[in-house]
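Here is a short report on one protein model.

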Amino acid sequence: MQLAGARTLVVGLARTGLALVRFLAAQGAVVTGTDALPAAALAEAREALAGLDVALELGVPEPAKVTGYDYIFLSPGVPPELPWLERARKQGIPVWGELELARHFLTLPVIAISGTNGKTTTTTLTAKLLEAGGFRPLVGGNIGTPLISLVEEQESHDFLVLEVSSFQLDTAPGFRAHKAALLNITPDHLDRYPSFAAYVASKAGLFRNQTAQDLRVINYDDPQVRPLGAGPARVLSFSSRQPQEAGAWLSGEALCVRLPEGLEHTFPVAEIRLQGRHNLENVMAALLLALDSGVTPEACREVLARFAGLPHRLEYVATLDGVEYYDDSKGTNVGAVMRALEQFQRPVILIAGGRDKDSDFSLLAPAIRARVRHLVLMGETKERLAQVWAGLAPIHLAADMAEAVRLARRLARPGEVVLLSPACASFDMFRDYAHRGDTFQRLVREEQHA
């Protein structure tokens, strides 16, 4: 793909947009960057682009002109259905995301992981398993480093291990994953998609363009994922409920793996540091990807014995007066909160709320009724949540995280759990889920030393 002299427009100047601008400029393209945020809100972006010959259009809902570009590249947060982008497509201008651009420059086998929940943990674990097997994985995508920033580093590595979001798949019609795992699909981002079916179709794009030589790893227990095993690629499945002909499953106190060539391996749960049924599903997916790539079972066991997971995902924070506090700030959708609540047999004081993604919060009613003794609600959605969850547990409204932590501490009894698992995005009060989780942890520790 020749980009020298190509007239390109990059829409959205957050992390991925900046990476796109840098890459395109290095390729000799003529680059214009645009963002609906005003210049004052993009000071860091402008500083990052200092010294590059890039035209900027800031603070406008759409560029002054749409015609005249050879390519338009979108950051993941930009809806590809915007009317002015539809006009560009009708004029024959390709409207792509970074995955579609990057695929033209990839030389390594791609291992891609997606799902509503668990994809960051699984991506990280897969990379660690490959490293233990003597391989040199290059890790990026939605997990942190944009794929386009990794193109120049491929020569000294063996695999690209990518976390891939539905937003990225929507603008990557030609992207191909040589090995791909789809962990689960539960309702999420319904503020972006017209229906749950549309969101499922977006996730299914992970397997788009696979051939008979490729591999897809699917969650056999998920009714949305299981049908996606049909296709030309080889299939390995995982289940926490029943044995698989080719794949992995939970059997009593062990994970069992059966590969197509007939080899069987056992991984005792007691020797796996990551706990919880949802994490065991993540482990099974990572194991299948790694073993299929040539990692030995022995190397996998060494990693599983020490990998403790990632921050803000059911992360233990502290014990105060006999009450355990857990940070699950990454629980930004209904499915994640459901999985979090399933991990506790003790009564839970649940802190929830934030910015709504048009979620169906009523789906949490059975889990709240069964496990939650008090609800502490905060953020933009607190009144809506109070209405939807009325009668399931006593409800307390908090103005901010500090008040939420104080309320939870007053309500909790020894032997119970205080769980931050918001079921919502963080952007009403925080920079991101990590900022929200860090704030929760700091406040809990301040209570501990008060």
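## Glutamate 253

Glutamate 253 sits in the loop between strand E12 (247-251) and strand E13 (254-258). Helices (H or I, at least four residues) and strands (E, at least two) are DSSP runs, numbered from the N terminus. Glutamate 253 has a relative accessible area of 63%, so it is exposed. Buried means under 20% relative accessible area, exposed over 50%, and partly exposed in between (1.4 Å probe, protein chains only).

Proline 268 is 15 residues from glutamate 253 in sequence, yet their C-alpha atoms are 6.1 Å apart in space. Leaving aside neighbours within four places in sequence, glutamate 253 is in contact (heavy atoms within 4.5 Å) with Pro268, Val269 and Ala270.

## How the model was read

This is a predicted model: local features need pLDDT of at least 70, side-chain atom pairs count only at pLDDT 80 or more, and totals for chains, interfaces and linings use all residues. Residues are numbered from 1 along each chain as its sequence is written, and side-chain values use heavy atoms, with hydrogens and water left out.

## Two buried loop residues

Threonine 171 lies in the loop between helix H6 (166-170) and strand E9 (179-182). Its relative accessibility is 6%, so threonine 171 counts as buried. Not counting residues up to four places away in sequence, threonine 171 touches Leu74, Pro80, Trp96, Gly97 and Glu100.

Lysine 357 belongs to the loop between strand E17 (348-352) and helix H11 (365-371). Lysine 357 also counts as buried, at 8% relative accessibility. Its side chain makes a polar contact with the side chain of aspartate 188 (2.9 Å). A polar contact is a pair of N or O atoms within 3.5 Å; within protein, one must be able to donate a hydrogen and the other to accept it, and residues adjacent in sequence count only if both atoms are side-chain atoms. Beyond four places in sequence, the contacts of lysine 357 include His189, Thr332 and Ala425.

## Aromatic rings

How many aromatic pairs does a search of the whole structure find? There are 11 aromatic pairs. Rings of Phe, Tyr and Trp (its six-membered ring) pair if their centres lie within 6.5 Å; planes under 30 degrees apart count as stacked, over 60 as edge-to-face and the rest as tilted. Tyrosine 71 and phenylalanine 73 have ring centres 5.8 Å apart and planes at 20°, so the pair is stacked. Both residues, tyrosine 71 and phenylalanine 73, are buried. Phe167, Tyr193, Phe196 and Tyr199 form one aromatic cluster.

Charges meet rings too. The charged end of lysine 65 sits over the ring of tyrosine 69, 4.5 Å from its centre. A charge sits over a ring if NZ of Lys or CZ of Arg is within 6 Å of the ring centre and within 35 degrees of the ring normal.

## Salt bridges

The count comes to 19 salt bridges. A salt bridge is a side-chain nitrogen of Lys or Arg within 4 Å of a carboxyl oxygen of Asp or Glu. Arginine 339 bridges to glutamate 281, with the closest N and O atoms 3.2 Å apart. This pair links distant parts of the chain, 58 residues apart: arginine 339 is in helix H10 (residues 334-342) and glutamate 281 in helix H8 (residues 277-292). Both arginine 339 and glutamate 281 are buried.

Arginine 409 forms a salt bridge with glutamate 447, at 3.0 Å between the closest N and O atoms. Lys179, Arg234 and Asp292 are linked in a network of salt bridges.
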